[in-house]
Amino acid sequence: MAIISNAVTIADAGAFSASLGSLTLIKTITLSSAAGTVSFVHGASSVVLDSTYPVYKFVYTSVHPAEEGAIFQVGFRDGSTAYDATKTTTNFEPIANEGDSSAEIAYQPAQDLAQGTGFQTLIRNNGNGNDECGSGEMYLFNPSSTTFVKHFIARGCGHHQSDYTTSSFVAGYCNVTAAIDAVQFKFHSDNIDAGTFKLYGIKDS
Amino acid sequence: MGVISNGTTLLDAGALDAGIATGEMTLITSTTLSSAAANITFNSGISSTYNTYVFKFMDIHPATDDSKLLVNFRDGSTAYDATKTTNFFRAQHRENGTNGNIAYRTDDDLAQSTGAQPLTMDIGNANDESANGSLILYNPSNTTFVKHFAAESNCVYSGDYSMNAYIGGYINVTAAIDGVQFTMEGGTNIDAGTIKMYGIK
């Protein structure tokens, strides 16, 4: 049965015809206990990460490391079971400390990759004091393309272990033509103690 | 009465079925000034209902030339004075093709300050000059961790520059943030503008 109002079809064939918004929440992972990694794998646990959406958005909030100074990172899977897709990236940061004695913007050559298969830094040197955490978001463009490299752009807000605010601007591309079908977040050492991770799909029509 | 189409329940009992994918960005409230005002304040609707809040500020026109749009946060009292540590950098380019550069702005960051945080550079107040941008506030109702925020804006600087500002920081309190207030530098009025608050599930 179709629902038609004022000659406009609102719903038909088991689906709404009217727009219900272009940002769709696909999956939320809130850690109830410490974990080594948080992964979004296409086809597992209701995760969609394929050609359904042209753009995917990840939002991570109140991510707290088990280890003082841990680096929050991301990796991409491109066909195997490993999160080792080759990447070339950029990373720059404005920082300022609570003591008002240090503030600058600088490129971070130790936090970028040049055809590296390792994980990419999203927020560096996070403090693990009880109230310290990091938050941010990352866009992944057209992960299912098998023609082009896959670009990603991230911006993170960190509480540096030395009581700085850090804003990490990260961008780059997975230099592979294989589809990216999974994304994994972790700290470079030890566990993610707490945090919420959300995956959204953004429609293009 | 439920509505079932092609064997799929679309809505029932006054709500969409849980299986229906809906948009996750919800407009909570919108304020458009009909006359100049000292502030635009959002003091309700910020809670644990949403994980992330986004504020879009559009066509902000200052009453006074060379004024920055500011933001501050309420953390339990009636005052908008939550302690913050922030960073601020901007890119600029003048209409005559000169002065293109990027720089950190120590005048516009905060170090454990309760004062308001600039979201823009100095906005001109000629008739067609204004600022636009957005502010993201993460997990404001959390009572364990500090609260991070990030913003980006672009404005017509009073000297006829395009000024693109990036701001980040944390509200260094564990109390929940339940109010957000936008003002102009120096306590002058916001002459015109629209600010919308969205919740992201």
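Lys and Arg count here as positive and Asp and Glu as negative, while His and the chain ends are not counted, and the place of a charge is taken as NZ of Lys, CZ of Arg, CG of Asp or CD of Glu. By that count, chain A of this predicted model has 10 positive and 19 negative side chains, and the centres of the two sets lie 9 Å apart. Local features need pLDDT of at least 70, side-chain atom pairs count only at pLDDT 80 or more, and totals for chains, interfaces and linings use all residues. Residues are numbered from 1 along each chain as its sequence is written, chains are lettered from A in the order in which they are written, and side-chain values use heavy atoms, without hydrogens and water.

Chain A contains 0 helices and 15 strands, where helices (H or I, at least four residues) and strands (E, at least two) are DSSP runs, numbered from the N terminus. Its C-alpha atoms fill a box of roughly 65 × 35 × 30 Å along the principal axes. Of its 205 residues, 51% count as buried, that is, under 20% relative accessible area with a 1.4 Å probe and protein chains only.

In chain B, 4 strands form an open sheet in the order β5-β14-β7-β10, with antiparallel pairing; two strands pair if DSSP finds at least two bridges between them. The edge strands, each pairing on one side only, are β5 (39–42) and β10 (117–118) of chain B. Within this sheet, β7 (residues 69–74) and β14 (residues 179–184) of chain B pair in the antiparallel sense over 6 bridges, and B:L70 has B:T183 in β14(B) as its bridge partner.

Technical notes:
Buried means under 20% relative accessible area, exposed over 50%, partly exposed in between (1.4 Å probe, protein chains only).
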